[in-house]
Amino acid sequence: MKKTIGIFAHVDAGKTTLCEALLYNNGAIHKKGRVDTGDTVMDTAAVERQRGITCFSGAAGFKFNNNDYYLIDTPGHTDFLPDTERCMAALDCAVLCVSGVEGVESNTELLWELLCEYAVPVIIFINKCDRDIADTKRAFNELKKRFSEDIYFFDSEEYTEAIAVSDEALMEKFFKGQLSDVERNEKASELFMQRKLFPVLYGSALSNEGIYELMAALDEVCRTDYDENAPLTAEIFKVRNEKDKRVMLCHIRSGSLSVRDELPNGERVSEIRVFDSSKSTNTPKVIAGDTVEICGIYNYYAGERIGKDASEFKSVPALTARLVYPENVSSSDMISKMKILEDEEPTLSVEHIRQTGEISVCVMGKIELEILKQRISERFSLDCDFGSCEPIYKETLCESTVGYGHYEPLRHYSEVHLRIEPAKRGSGISFKSECPLNTLTSNYQNLIRTHVFEREHKGVLTGSPLTDVRITLLVGAAHEKHTEGGDFRESTYRAVRHGLMRGKSKLLEPYYKCRFAVDISLCGRVLSDITKMCGKDATTENSGEYSVITARIPVSEISEYQSEFASYTKGNGRLNMTFCGYDDCHNEAKVVERYAYDPERDLENTADSVFCAKGAGFLVPWREVEKYIHCKS
């Protein structure tokens, strides 16, 4: 049986040490590495070993009880959450490592919520129980209270009873003392894989306590059933660029894959590696259930799926920062290097403003920027820096508008009319057509649809991305002889921009859902701070000596608050922040003034149209386009 297991934890809960212990105890490595000495097999990057934190996911393999296990180690810091989340789509089950000293921490809660989103079965390991100040019972009670009533110590009487009462026939046998271990274990596995049972074990990864018991529990409750005869589907959870090749880390969900096989996008696999211990070795073929490295593929990316639609990920950056690079490096050279890093971490969303040479990246936080700076130095031998982090703003419309785009230089022709109207918050951009097919054929209408979605359209307030609008094709026109493939691209882009220039836009900013857990005496302070930070929808729940307060707060206001919170709670409070989407910007006028964006000078995103007269094309400013259009909507 093949099983892919992911290890997750709040930073410093002992996750990488647990990975080392699992590999060591199963013969995959001959010596347990330590984070503090920088010799762990899973943290291979220099930056990881120097800082003592996992920044990038990694994989290894081992055998236990004749089963093949693939182990995925994930970053624990929230700044690397997108990488961690992508791994979740590739798992059969997860081990959530919780410190027996600190208990449930802010990122523990976030990881639990994401594992729920991906419906990943979870087994919990309470770590660091060899420490004098560890409190296993307190950690367990906190887990049960915060996460699920279906959490039980593995192999305890309560565990067995919970399994038995889930089935009437088993319950009768249980109370008669006739429930066999085989029946119990089969039912436990069924409940576990359905996320109706969450076993808890405890021990110390550093002292090698409880590791065998954890593996035995995993072997018992995690069951898989893969179909290698089905069509190929695979989850791509990581991309790595080696010196001479691009490597994709994939989990094969169904079917099989051989060297030289052609993927759905037409590319052929040049090399396949399967994880053997802490290394990967070449193999001619892999089947469903394997977690592998694939080489020779350049048009699939981390987070995509081979053979089915990709997931929508919850962990998205809310901050952007400008890259400061050496003056002797051209912007085109620098952008090509940054695109290599973006290939490995798609959420960087590297942007290049050609007019100024400015390059910006999207990040989760300051730690990611520090790591990125070091990676640029190690990979490209360049000394770069970053400006201060700013929120990633977006723009939408306040009311419906219509935009016209016409493109008619000599021997070209296209015209597009689009209605653009506000849509539900968080819905993105949608498209439909009301244009009759006898006016514009379906192939041209499909081209317009493609051009609406193929680029990020900029708003006119700050040049931020357009979102949450419905775009409707009202009418379009082509010429029998002169219309070429790229003509509708030009007229579609211009029509979108023209509509935004004619309409009324508003600025949106990112919000975090914030959960404060503080001593009840500090409840007033937190509520006051939420008001100062322009927070919304604050709620309070008191539980004993603690208050739990939740609110939505603009990223721009809370990003520097964590150190202040730690100070006045004396380190005893918990603050959990998760991105929860966009809402109206609380200080729009100030932000617009700071950006000083002039939409009419942004020639790459023009609202002007091109018409033709007397055998020559001429430019019509956007304010006058309506006078020149050929079609009637």
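**Cysteines and a pocket**

Mentor: This is a predicted model: local features need pLDDT of at least 70, side-chain atom pairs count only at pLDDT 80 or more, and totals for chains, interfaces and linings use all residues. Residues are numbered from 1 along each chain as its sequence is written, and side-chain values use heavy atoms, with hydrogens and water left out.

Trainee: How many disulfides does the structure hold?

Mentor: A disulfide is a pair of cysteine sulfur atoms within 2.5 Å. For Cys 93, the nearest cysteine sulfur belongs to Cys 222, 3.7 Å away. For Cys 435, the nearest is that of Cys 631, 8.3 Å away. The disulfide count is zero.

Trainee: Is Cys 93 buried or exposed?

Mentor: Buried means under 20% relative accessible area, exposed over 50%, partly exposed in between (1.4 Å probe, protein chains only). Cys 93 has a relative accessible area of 0%, so the residue is buried.

Trainee: Which element gives the most to the lining of the second largest pocket?

Mentor: On a 1 Å grid over the protein atoms alone, a pocket is an open set of points where a 1.4 Å probe fits, with protein on both sides within 12 Å along at least five of seven lines; lining residues have an atom within 4 Å of a point. Here 40 residues line the pocket, with Thr 44 and Lys 238 among the closest to its centre. Helices (DSSP runs of H or I, at least four residues) and strands (E, at least two) are numbered from the N terminus. With six residues, the top contributor is H11.
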